[in-house]
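Reader: Could you walk me through the salt bridges, the buried parts and the pocket of this model?

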Amino acid sequence: MNYSPLKRLLLAAALCLVALTGLAQGKAKYVFYFIGDGMGVNQVNGTETYLAALEGRIGTTPLCFADFPASALVTTYSGTNGVTDSAAAGTALATGHKTKNGALGLLADLATPIYSVAVSAKENGAAVGVATSVSIDHATPAAFYAHVGYRGEYYKIGTQLPKTGFDYFGGSDFLKPTDKDNPGAPDLYAQCEEAGYVIARGYKDFKKKMRKAEKIILFQTETAAKENPTALPFAIDRKKGDLTLQDITRAGIGQLSKSERDGKGFFFMVEGGKIDWACHSNDAATVFHEVKDFDEAIRVAYEFYCQHPDETLIVVTADHETGGIALGCGPYELHTDAFKYQRMSTEAYSRHLSALRQSGKAFTWELVERDLAENWGFGNGVTINDKQLSRLKKAFDALAAGTAEQSKSLYASADALADNARTILAECALVLQRLRAPLCHRRRQRTLQRTYRQHGNSPPHRQGGRLGNEIEPASPKRFASAKTT
C-alpha cells in the first residue's frame, strides 16, 4: 500500500502509540522533525564525550535526544550519486524520494515535482512551520517547500516560500532577497508581506507581533543580518541578544499552537544547519558546541512533549555526515577536555587576529603568543610540542609579513595562523580531522536517527554521507599528548 509522506510519518507514530499508550486514534497530533545537518554518529558521540570531559571524567554525558528510547542507523546515498549533497538529502528527508544531487523537490529527471511532508500536513489541516539556524532558502529548509533543479537558485527558491501558506518560518534571513537579473522584480520581503506574512526582526520583535500575525517569519535583527545574513552566529561565538535556534523553536511552537486549526495539530521542521558548516571547517570544538546547541532546541520541543505526552512525536535525524571526525588517534587516549580552552570558532579567531593587527599595537609574536594562550590554551592548560610551536611561529611570520594564505572551506575561510591553532588543538585532543576537500566524501557514511517514540516500521528515507577528503592514517608520533589542567 502506498502512503503519502504525512501518512508514512504518522503511521510510525500510530504503531508506537498502540505499543506504548494504546491510544484509540493511533496518530500523533504534534510532530517535530529535527534535522542536524552534517551530524553523524561521531559528532554526537564526540559532543557527549566532550561534555563528560568537562565534568572531569572519562565516558559520555548523554544529550537529551540521545536518551530517546528508539534509534536506528541508515545508509545514505542520493538518486544519482553514491554520496549525497544536502539538497538531495533534504528532498529525501522531506518527501521520501531519492533525487539528483543539487535538486530540491524534483525527481532526478529535474522535471517531476514531488511534495514534502510539510505540504501534506497543511493539506490535512495541520499548522506548519519550517525553521533553521541558517538562511531560510538554504537546501534543507527549501526541500520542504521549493521545487528547483539547482539549490543555488536562492531568489527563485525564495519566491516559492510565500506561496506555501505555511504558518511559520524562522531563520537568519533570505540569502538573495532581490533578483539581480530583473532589478524591477519585487524583493522577497515585499512578496512575503503581499502574501500576508508579518516579518519579525529578532525574538523581542516576534513577541510583539505574534499576537496579531496569522502568518509570521522570524529573522535576525537587521543589524545582525547586515553583518551576516547567511546564518546565525555559531554557538561558541554567540553574544548577548543574538537570535538562537532555541528562540526560533520556541517562537515556532507559540505561533503554530496559536495557528492550530480544528484541533488538527501541527508539523514543525527545525534544522541545526551550522553543525555542517563547522564540520566543513573541521573545527571540532565548534562542532561540539553546535550539536549541544541543537540539543537545546530539541529540549524546547521535549518540554512541549511533557505537556502533551500522548499526542507528540519527536523525530531527530541527520541528512549526512560531514568532516570525518575520528575520536582517538595515536595512543589509546582521548583528551576532548582540551577543547574547553577554545574561546571562539576558527573563522572568528581569524577575524580577531585581523582586528588585532589593525589595533595600532605592535603585532609581535609575544603579543600573539599571549593571545593564543588566552583563546586556545597553548601554554595555559594545553601543552604543545616544539614542532607545533614552530608551525604557529611560521604561520605568524607569514601573517605579519602579509604573505599568509587563506585556508578555505565550503562556507568559511581563515588565515593560516588561526587554522594551525585549530589543527594543533585537535592534535592535542587526539581527535583526527580530515583535510578540507568539500567535494570529496566518504561513500555510504552512516548517520544517526533517534525518535522520542519507538516506531514499528521503516522511517522516512534518509540520504547522504559527506565528509572531508581521505588522508593516510596518522602516526602516533605526529601528535603531542595533551596535558591539561
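Author: Here are some questions and answers on those topics. This is a predicted model, where local features need pLDDT of at least 70, side-chain atom pairs count only at pLDDT 80 or more, and totals for chains, interfaces and linings use all residues. Residues are numbered from 1 along each chain as its sequence is written, and side-chain values use heavy atoms, with hydrogens and water left out.

Reader: Happy with that! How many salt bridges are there?

Author: Side chains of opposite charge can pair when their charged atoms come close. A salt bridge here is a side-chain nitrogen of Lys or Arg within 4 Å of a carboxyl oxygen of Asp or Glu. By this rule the count is 14.

Reader: K29 forms a salt bridge with which residue?

Author: The closest N and O atoms of this pair are 4.0 Å apart, and the partner of K29 is E311. K29 lies in the loop between α1 (5-20) and β1 (30-36) and E311 in the loop between α12 (284-307) and β8 (312-318), so the pair ties together parts 282 residues apart in sequence. Helices (H or I, at least four residues) and strands (E, at least two) are DSSP runs, numbered from the N terminus.

Reader: Which residues do salt bridges that share partners join into one network?

Author: One of the pairs is E296 with R299, whose closest N and O atoms are 3.7 Å apart. Both lie in helix α12, 3 residues apart, about one turn of the helix. The network joined through shared partners is K292, D295, E296 and R299.

Reader: How many residues of helix α6 are buried?

Author: Helix α6 spans residues 154-164 and is mostly covered. Elements covering its buried residues include α4 (117-123), α5 (139-142) and β4 (168-170). Among the buried residues are Y154, Y155 and I157, and the count is 9 of 11.

Reader: Which residues touch the most other members of the largest nonpolar core?

Author: A nonpolar core is a set of buried Ala, Val, Leu, Ile, Met, Phe, Trp, Tyr and Cys residues joined through side-chain atoms within 4.5 Å. The largest such core has 85 residues, and its largest share, 12 residues, comes from α12. The residues touching the most other members are F34, Y168 and F378.

Reader: What is the volume of the largest pocket?

Author: On a 1 Å grid over the protein atoms alone, a pocket is an open set of points where a 1.4 Å probe fits, with protein on both sides within 12 Å along at least five of seven lines; lining residues have an atom within 4 Å of a point. Of the 31 lining residues, the closest to the centre of the largest pocket are Q220, E227, P233, K239 and D242. Grid points are joined across faces, edges and corners, and a volume is the space filled by probe spheres set on the points. For the largest pocket it is about 770 Å³.

Conventions: Buried means under 20% relative accessible area, exposed over 50%, partly exposed in between (1.4 Å probe, protein chains only). Contact means heavy atoms within 4.5 Å.
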